[in-house]
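This report concerns a single protein model and the contacts that hold its chain segments in place relative to one another. Please keep the sequence and the coordinates at hand while reading.

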Amino acid sequence: MFKKLTALLTALFLVVTMAALSVSPAFAITQAQAKAQAYAYNKHSIGLTSVENARDLGGYKTKDGRTVKFGKLIRTGDLTNLSAADQKKLLKKYKITKDIDFRSYRNLIMDGQDPELPGVTYHHYPYSSTKNFLLSTDGLVVTTDMLKELIALDFKGDFFATYYREGYGSIFTSEDGIAMIRGFFDELLDANGAPVLFHCVHGKDRTGNAAMLLLTVLGVDKKTIIEDFLLTNDYFADEQKTTYDRVYSLTHNKAVAKDISLIDGVKRDWILKSYKTIEENYGSVDNFLKKTIGLSNKDMKKLQKAYLQ
């Protein structure tokens, strides 16, 4: 029974994917203020129509009173369907110099390569939470009968939530997760203030964790960082509803439909899992960045000088 359930859940996952700096004691910010920052500047959207979850990290205030520069740090979903108009915007308006791709090799095979953009260097630092949390099985198809069988097995609707939460933790304890983060900061240091774009598939999980670490280095407070992470739910609200409705029509089970709709969203406890994993394994985000990723105080100051005003 356990093997059968594992196969069903793995199949379900695959088909859906296919279809700090420490806070200064004197600094304090309320939850409302943090949320207001995240929702300012038209929710940070850069107005791309062919790329998911495309937004600018500019505008966030730091604990020492500085501000993240606009137009320098762009986080998005994959660029495989980048339109001519959006390409022009990235090149002419934002003057992107680097495209940093966190997608796994399986993602590239399924979705395609990023387009070559003139004057933009491509850098690939793959990470796959599937490899670290589940055994990958290709070619499985989930049918209506299988979904119904999940319900018959008393599935509680926490498979995707568990998958993502534990996948977030594995970023900071796996070799390829750490390599992804180290490569990301190497590219930022090399860019030295030039505009960069970083992404995964939906721009929410691998990208969300990278943004969390970057904003920490720049001195943005934890509450605001979490609110920036949660903005994904606004960008994907329509997709979440569509997925929920489609799965509910097959299963007539709200728990299953809500859980599977998380493929198009995020939850607060996922990024809190990242923080907890870092703290349990390294003591603090600052220790992780310095001792494991290899960022020196000089590196952090360089990034702050480059991307803050």
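**Basis of the values**

This is a predicted model, in which local features need pLDDT of at least 70 and side-chain atom pairs count only at pLDDT 80 or more, while totals for chains, interfaces and linings use all residues. Residues are numbered from 1 along each chain as its sequence is written, and side-chain values use heavy atoms, with hydrogens and water left out.

**Strands**

Helices (H or I, at least four residues) and strands (E, at least two) are DSSP runs, numbered from the N terminus. Two strands are said to pair if DSSP finds at least two bridges between them. Strand β5 (residues 196-199) is joined to β2 by four bridges, and these two strands run parallel. Ile74 stands opposite Leu197 of β5. β5 also pairs with β3 in the parallel sense, again over four bridges, and here Ile100 has Phe198 as its bridge partner. On its other pairing, β3 meets β4 in the parallel sense over four bridges, with Asp99 opposite Tyr122 of β4.

Burial is defined by relative accessible area: under 20% is buried, over 50% is exposed, and values in between are partly exposed (1.4 Å probe, protein chains only).

Lys72 lies in the loop between β1 and β2 (73-76) and is partly exposed, with a relative accessible area of 25%. Contact means heavy atoms within 4.5 Å. Leaving aside neighbours within four places in sequence, Lys72 is in contact with Gly193, Ala194, Pro195, Val196 and Tyr307.

**Salt bridges**

Side chains of opposite charge can pair when their charged atoms come close. A salt bridge is counted when a side-chain nitrogen of Lys or Arg lies within 4 Å of a carboxyl oxygen of Asp or Glu. By this rule the model has 14 salt bridges. Three of them are listed here.

| Pair | Closest N and O atoms |
|---|---|
| Asp228 and Arg55 | 3.3 Å |
| Asp190 and Lys98 | 2.8 Å |
| Arg103 and Asp114 | 3.0 Å |

The pair of Asp228 and Arg55 links distant parts of the chain, 173 residues apart: Asp228 is in helix α10 (residues 222-230) and Arg55 in strand β1 (residues 55-56). Asp228 is buried at 2% relative accessible area, and Arg55 is buried at 0%. Arg55, Arg75 and Asp228 are linked in a network of salt bridges.

Asp190 and Lys98 form a salt bridge; because Asp190 lies in helix α8 (residues 175-191) and Lys98 in strand β3 (residues 98-101), the pair ties together parts that are 92 residues apart in sequence. Asp190 is exposed, with a relative accessible area of 54%, whereas Lys98 is buried at 6%.

**Nonpolar cores**

A nonpolar core is a set of buried Ala, Val, Leu, Ile, Met, Phe, Trp, Tyr and Cys residues joined through side-chain atoms within 4.5 Å. The largest has 62 residues, and Phe185, Leu213 and Leu289 have the most contacts inside it. A second, separate core has 14 residues, including Ile46, Leu91, Leu117 and Val120.

**Helix α14**

The expected span of a helix is 1.5 Å times one less than its number of residues. Helix α14 (residues 268-282) has 15 residues and should therefore span 21 Å; its end C-alpha atoms are 21 Å apart, which agrees. The buried residues of α14 are Trp270, Ile271, Ser274, Tyr275, Thr277 and Ile278. Seen down the axis, they fall within an arc of 160° (taken from the directions from the helix axis to the C-beta atoms), so they line one face of the helix. These buried residues pack against α7 (159-171), α9 (206-218), α10 and α15 (285-292). Gly283, which follows α14, has a positive phi near 95°.
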